[in-house]
Amino acid sequence: MYISSLHNSHSFGGSAMPRAEPMRGRSFVNALVSGLCLLGAVSAEAQEPARTDSQRIEVVARKGEVSKWIRGESQHLVAYSDAREEDLTSLLENLEKLDHLLRVYTERDGAADRPEPKLTLYFQSRPSDLGRIDDGLPADAVGLYSSCAAGVHGFGVYLERITGLRDEQLEKSALNDTLSYAFEAYARHFLHRHTDIRTPAWFIAGFAQYFSSVRFSGEQMVVGRMPGPIAEYLRFLGEGRRYSLEYEDVLENRVANARNYAGDAGVRLEFEAKSWLLTHYALSSEDRRKRLSRYLALVGGDVGPTVAFERAFDLKASDIGKLMWRYGRGVEVLRVAYPSVPAARVRLRSLPRATDELIVTDAALKACPSRQAGGLLLKQVTELAARFPQDELARLASSRARIAWGDPREALPSLEAVLQKDAANFEARYLLGMAHLRLSEREEDVARRDHLRAAQQHLQTARALDPRSVEAAFAAFQAELAGGGEPGSAALQGFVSAWQAAREADTLAPSAALAIAYGGDADEADRTLGLLAQSAGDERMALWARRWQGRLEAGVSREDILAEMRLHPASDTPSKEWTIDKQRVMQKVAYHQGLEAAEPFIKDMQRRNPDSRAAGSPEGAQQR
């Protein structure tokens, strides 16, 4: 791959980043970094540049009234959006290019040994609409990835239109906010899905920020650009402003008691800025990439993050801050001609008018709502279904809500009506299986057996319709366990294989670990439990994982594993990862720092002229 080194437009001057070295050989470490060599994906060997294959877009003919929402599908993604067709197409094309690049970086290119489920995304034109998806919307949120037993879904916002770039614009053009935040969230999700890395937090954050600024033209790409808010914040600190975190705090993820001009959001911005700089440094040469692999292996072996960094990079913790300050004064980017990338194949489809009213509520149902929010959504979608009684999405969404938050029996007629029109409708078949499974848990004797038999049949059919679906595979496995005997090998292996192809579904990891152990692979089960033991967001599940690691090491019978599987140990804590508009946070940092800097002057004015107290204070200014 041809490499041309170029100074970043946000560089602070000073020494430049070492030129990327060619990748030589393969560098795998322990299970923590399986699949993540991080050798930079850049080779000094010249290769033929990517061919510009013609884009194939199919638009289903519009008949009657249609929704402003459209559906787009590419090789790895399904997306719904109320933006223009060309904007959705551009977004999918860019995400497919990023996906290909990430597979090269993590050496997953060509490693498709099992089919992967497509990630479903929702891109909305208004940031405020995210509040309808999740009632826990933080300030300045522009994206959300949610994961639970119901599946994994991403939500984003169009902040500005996506325009194509020429080669010479790659390292100089302003970074598009829509792409930056979509790339950040996708890179974080990709790392979670395709690698075993769950810690350290700084590397996950830095990895996402590093790839948020990747940009593509027809035959080239640029990597290593400094995201705008990151550059602003590092420059802000470089001008002598108060900082919130030492680099050792970043390595150890000690952010809870930190103080910042903009509160917790400002602390997070500083954490991400310094994590970006650490990641850029670690990926900047072949030697450092090897050291990074060693570092991640040490952390995976329970060595503390700071001690591991000292050992891997041959540095003292007290020297990291000065080193990063010097390095940040002259970071460099790489513009590369990348190997042939498969052309994105985007298919667009118009949707019926009722989608305008239904799709956000349906998306919220899939975003792992709380019990309280689920009850409200059930009421909303029931009313919508009454308004659109013949609409397929209305029937599916209302059925999903009734199964999760109401009476599953009320979902049966709607789902059977959908299947009568289309027997191969996967979602209807899966939901019908789930309805019968939930009803079997409420019934006894013959009624229970009948519902359980129906659940098994429908879920097996759903698995045949979409073997990649993790949620269908898990439901079929649950139905098998509910039968009382040993789980069949098809259900067992089907669930394990589906989960291994989409490991970002952490809520299913406990069941997957037990199923793997039951199947006889103790080492893989221990590795899977190790992922859960690193969980920072669910301490209860982390404790459970460590306890079962100990039981497997000491020896445990298949009967005990089967008994534990029947307890449904799937975590009830959904994983939710928000993406925040860092530019807005940076504005708040600058604003509050300005107020703080002006405070002595304002107090002096008030002391000299008491009549100016109301007019000179921020409160008085607002009153005016």
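What share of the contacts in the chain with a separation of 6 or more comes from residues 24 or more positions apart? The figure is 72%. Welcome to this predicted model, a chain of 624 residues in which buried residues make up 55%. Its secondary structure comes to 25 helices and 12 strands.

- Averaged over the chain, the pLDDT is 84, and 85% of the residues score at least 70.
- Residues 1-61 have a pLDDT below 50, and in the model this stretch has 193 contacts beyond near neighbours in sequence.
- Towards the other end of the numbering, residues 618-624 also stay under 50 in pLDDT. For residues 618-624 the model has six contacts beyond four places in sequence.

- The largest cavity has a volume of about 110 Å³. It is lined by 15 residues, and those closest to its centre are Phe-123, Gly-156, Tyr-181, Ala-182 and Ala-185.
- Strands β5 (119-124), β6 (141-148) and β7 (151-157), together with helix α3 (177-194), each give at least two residues to the lining of the largest cavity.
- By class, the lining of the largest cavity has 11 nonpolar residues, four polar ones and no charged ones.

**The second largest pocket**

- The second largest pocket has a volume of about 1300 Å³. Among its 44 lining residues, Arg-71, Tyr-80, Thr-120, Lys-366 and Glu-427 are the closest to the centre.

**Helix α5 and what it packs against**

- Helix α5 spans residues 228-238, and its buried residues are Pro-229, Ile-230, Ala-231, Tyr-233, Leu-234, Phe-236 and Leu-237.
- Those buried residues pack against four helices: α3, α4 (201-212), α7 (263-282) and α23 (582-608).
- Just after α5 comes Gly-240, which takes a positive phi of about 95 degrees.

**Backbone features in the loops**

- Thr-199 and Pro-200 are joined by a cis peptide bond, with omega at about 5 degrees. Pro-200 sits in the loop between α3 and α4, two of the helices that the buried residues of α5 pack against.
- Asn-253 has a phi near 60 degrees, a positive value in a residue other than glycine. The loop that holds Asn-253 runs between α6 (247-252) and α7. Asn-253 counts as partly exposed because its relative accessibility is 38%, which falls between the cut-offs of 20% and 50%.
- Asp-302 is another residue other than glycine with a positive phi, here near 70 degrees. Asp-302 belongs to the loop between α8 and α9 (305-313). Its relative accessible area of 75% is over the 50% cut-off, so Asp-302 is exposed.

**Two more residues to look up**

- Asp-287 lies in helix α8, which covers residues 286-300. With a relative accessibility of 44%, Asp-287 counts as partly exposed.
- Along the chain, Asp-287 and Phe-313 are 26 residues apart, and 9.5 Å separates their C-alpha atoms.
- Ser-469 is found in the loop between α16 (445-465) and α17 (470-482). Is Ser-469 buried or exposed? Ser-469 is buried because its relative accessible area is 4%, under the 20% cut-off.
- A polar atom of the Ser-469 side chain lies 3.1 Å from the backbone nitrogen of Ala-472.
- Leaving out residues up to four places away in sequence, Ser-469 touches Phe-426, Arg-463 and Ala-498.

Technical notes. Residues are numbered from 1 along each chain as its sequence is written. This is a predicted model: local features need pLDDT of at least 70, side-chain atom pairs count only at pLDDT 80 or more; totals for chains, interfaces and linings use all residues. Side-chain values use heavy atoms; hydrogens and water are left out. Buried means under 20% relative accessible area, exposed over 50%, partly exposed in between (1.4 Å probe, protein chains only). A polar contact is a pair of N or O atoms within 3.5 Å; within protein, one must be able to donate a hydrogen and the other to accept it, and residues adjacent in sequence count only if both atoms are side-chain atoms. Contact means heavy atoms within 4.5 Å. pLDDT is the predictor's confidence in each residue, from 0 to 100. On a 1 Å grid over the protein atoms alone, a cavity is a set of points where a 1.4 Å probe fits but cannot get out, and a pocket is an open set with protein on both sides within 12 Å along at least five of seven lines; lining residues have an atom within 4 Å of a point. Grid points are joined across faces, edges and corners, and a volume is the space filled by probe spheres set on the points. Ala, Val, Leu, Ile, Met, Phe, Trp, Tyr, Cys and Pro count as nonpolar, Asp, Glu, Lys and Arg as charged, and the others, Gly among them, as polar.
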